[in-house]
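Hi there,

Here is the structure I promised to pass on. Please have a look, and below it you will find my notes.

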Amino acid sequence: MDAGEEPTRALSFLTPEQATRLGGLPAEAVVGVFLGDAVNVQQFQPNRVFVDFMHDVIRRRGPEDPSLRAAAAEQGEGWLYVIDQRTPEGPQGRVPPEDIIGGFKVEHGHVVAECYWANEHHRVFTHNGIVRLPPSLHEALLRELERRKGRVRDDG
């Protein structure tokens, strides 16, 4: 770091063991960075690579998710929202806009895969912490990172 340059700290959803298994911290796993000395919401800058990666995985894997499929079958019609699990009152409580990750259109009790909406107001880091996807979607993020790591190794 150059003299006078502010330190930058990365925030990831990976554990140190998971990052080691992947051979490092890929850009898709960096939720964002803290600019300067403070580690707080005001100093946080989200990583567009992670945000795009997260929404891409949700868009592709969400329609296969058993809990989303069950909720869609129960709901019948309308929109089914993917809620950030960090939300204070839980997914069934009052959910602020920054904790709605996105949503899928539901028709005739089925998730419409082509109709995913990424909420531009979702925040990957708030006073309540880092983004927490439902468990199966979190696992899908990890599997996709591992798949990409394998593809890079095979292509190299």
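Tyr 81 belongs to strand 4 (residues 78-83) and is partly exposed at 41% relative accessible area (buried is under 20%, exposed over 50%).

This is a predicted model, so local features need pLDDT of at least 70 and side-chain atom pairs 80 or more, while totals for chains, interfaces and linings use all residues. Numbering starts from 1 along each chain as its sequence is written, and side-chain values use heavy atoms, without hydrogens or water.

Strand 5 (residues 100-107) and strand 6 (residues 110-118) run antiparallel, joined by 6 bridges. Phe 104 faces Tyr 116 across that pairing. The two strands form a hairpin with 2 residues between them, and His 108 in the turn has a positive phi of about 50°. Strands are DSSP E runs of at least two residues, numbered from the N terminus, and pairing needs at least two bridges.

There is also an open, antiparallel sheet of 3 strands in the order 1-2-3. Strands 1 (8-12) and 3 (44-46) are at its edges with a single partner each, so one side of each has no neighbour in the sheet.

Best wishes

How values were computed: Helix = DSSP H or I, 4+ residues; strand = E, 2+ residues; numbered from the N terminus. Buried < 20%, exposed > 50% of the residue type's maximum accessible area, 1.4 Å probe, protein only.
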